[in-house]
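I opened my notebook today to look up a few places in a protein model. Here is what I wrote down, one entry at a time.

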Amino acid sequence: MTGVHSCHDLPIKGISSMKASVVGEESCDCDQPASGQICLPVRNRIRFHFLLAGLTVILSGLLWWFEAPFVFPLDDAYITLHNAQVLRSGSDVNYNVSALSGATSLIHLAAVTGFMSLAPAALASFLVATVGFGAYAQGAAALAFRHGLSIQVTSLVVVIALMTGYTAHHLFNGLETGGVLAAVTWTLVLATSPHPSRLLAVLCGLLPFLRPELGALSLALMARQSWIRWRAPRVRSQRMFEIASDVALVLAAALPWLVWSWVETNEIIPSTARAKQVFFAEGGLPLWFKGLISGTALMKGLGPVLISILCVKPRGLAVAIWLFAAAFVGAYTISFPGGLYHNYFRYTYVLLPVAIWALCCVSGSNRRELAKVLLVAGLSWVAVSIPMAWRAHQEGRTITVKEHADLAAWVNANLPADARVLVHDAGYVAFSTSRRLIDVVGLKAPENIADHLRWTASTGGRDRWRAVHQIAARHGATHAIILDDKEGFWSSLGDDLRHAGWTLDLMREPKLPYGYRIFRLTRPDRPLAENPSLRPPTRPTAVY
């Protein structure tokens, strides 16, 4: 057949003496390959990758041009930009803490800071997002080609990878999500290689510093690679040397980030996840209810492509990936199930590359009917997702432009220079003002985590008002910025302060429904312990 080579004959750079085809059991490591399946010639795959690269650049450019001036739809994105500003200036006038406080992804923060030496802040973060977008698209295509899929099916897989659920929204949310999707996808590409990979070891050393929970994936994949090396038909000393080399590469990749984190924060793992866990205090909910919350969030966030994971036979690489997925879901279910709902299910997207890998496994196997069902279901969900993701992006953009920007301008014009402002959304107001801020959640004020650990987490949120009072009093809060949210969760922080004896005088009404109110705070005229009838205020019920 002209222009088409058998998978057994196709040379792959960096892989020699292949006994199995690219779509064989060693490659897929999860399913029986389809008989007679052929692989595309290298030039066709390269051409596809180049076309995909051009398309991602064009789409990114159109988005920047269409939305000019471009803003990010999440307040958390401006925490990263604020942290980058602090790294560049050397001081934090808002929180007076290290730039790494409140930074979940050290690699993403370093990338944004680096690009800020070349471009303004928003453009720098957008360029980082564009790199993540492009790398993720290329990884999805490489994963499909690794499983022997045709150009047509690969195109469908890439569309599902980029457009399912809120993926398109999250790729340009100003956070590390795009980088995480790209890194996990390429990690899986390397893991499907028929031979152990040194580059896989390097990536596994970096993954925890993109998102800490990816440490579980690194551990699972490196354990599998060590087992493969141990079983190789080589002398014992050589096998031990190769395993030790992998460990050395993991540590070498991780060490600079470990040292940086320890020097700046005295922590190896960022405290951001811990701050949210104790603040939202969901650990004490019944296990069945937490399981329902996390399961519903996963299906709402990722849609039917998630089912692909359950369709992969449990052997080889699939076992390692299942262990990671189980650890990820289990950890959130036990300690912070509602977190999977936050910001349009953002944290669930760590599992999307796993689902894409599983979809490729099934599509490259002899279970053609199942593959067709999964592809049609995935594409159907994409059709639903496109308007859904665009609406989420536009809603977030509207909040940033019409509420956050006006809020920051109002703060700069109306609050005294020595104001100490209690906040729970710690990003845009820090990025755009120079007022001293007090983060009641604890992302930018790690010392406040202890208050929520004592009062909030231990009572399932019932005594959160005590923690809020202690934080406001200890830091001398003079004003507060509180979201008037539809569910009433954040607005209840005002009730917490009133219950503890604080007086709140309204200074600014929100510009949008469910926007931010600014209050002048007056401290209680007597210690909290002397206040009578210290009954907890009624707390809103979270809606999942």
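**Entry 1: ground rules.** I call it a contact when heavy atoms are within 4.5 Å. The model is predicted, so I note that local features need pLDDT of at least 70 and side-chain atom pairs count only at pLDDT 80 or more, while totals for chains, interfaces and linings use all residues. Residues are numbered from 1 along each chain as its sequence is written, and side-chain values use heavy atoms, with hydrogens and water left out.

**Entry 2: His479.** I found His479 in strand β3; strands (E, at least two residues) and helices (H or I, at least four) are DSSP runs, numbered from the N terminus. Is His479 buried or exposed? I use buried for under 20% relative accessible area, exposed for over 50%, and partly exposed for in between (1.4 Å probe, protein chains only). His479 counts as buried because its relative accessibility is 7%. Leaving aside neighbours within four places in sequence, I listed its contacts: Leu415, Pro416, Ala419, Arg420, Val421, Leu422, Met507, Phe519, Arg520 and Leu521. Leu422 is 57 residues from His479 along the chain, yet their C-alpha atoms are separated by 6.1 Å.

**Entry 3: Arg520.** Arg520 has a relative accessible area of 39%, so I call it partly exposed. Not counting residues up to four places away in sequence, Arg520 touches Thr478, His479, Thr503, Leu504, Asp505 and Met507.

Entry 4: Next came aromatic pairs: rings of Phe, Tyr and Trp (its six-membered ring) pair if their centres lie within 6.5 Å, and planes under 30 degrees apart count as stacked, over 60 as edge-to-face and the rest as tilted. The count comes to 28 aromatic pairs. I picked Phe279 and Trp490, a stacked pair with 5.5 Å centre to centre and 15° between the planes. Phe279 is in helix α12 (residues 272–280) and Trp490 is in the loop between β3 (479–483) and α21 (492–499), 211 residues apart. Both Phe279 and Trp490 are buried. Arg464 lies over the face of Phe279, 5.0 Å from the ring centre; for this, CZ of Arg or NZ of Lys must be within 6 Å of the ring centre and within 35 degrees of the ring normal.

Which residues of α12 are buried? They are Thr272, Ala275, Lys276, Val278, Phe279 and Phe280. What covers them includes α3 (76–89), α15 (342–345), α19 (449–456), α20 (464–474) and α21.

**Entry 5: helix α4.** I ended with α4 and helix α11 (residues 236–265), which pack at an angle of about 90° with their axes 11 Å apart. Axes are lines fitted to C-alpha atoms, for helices over the stretch in contact, and angles run from 0 to 180 degrees between N-to-C directions. That makes α4 roughly perpendicular to α11 (65 to 115 degrees; under 35 is roughly parallel, over 145 roughly antiparallel and the rest oblique). Leu106, Ile107 and Ala110 in α4 meet Trp257, Trp260 and Ser261 in α11.

I also looked up Thr113, in helix α4 (residues 106–115). Thr113 counts as buried because its relative accessibility is 15%. Not counting residues up to four places away in sequence, Thr113 touches Ala84, Leu87 and Arg88.
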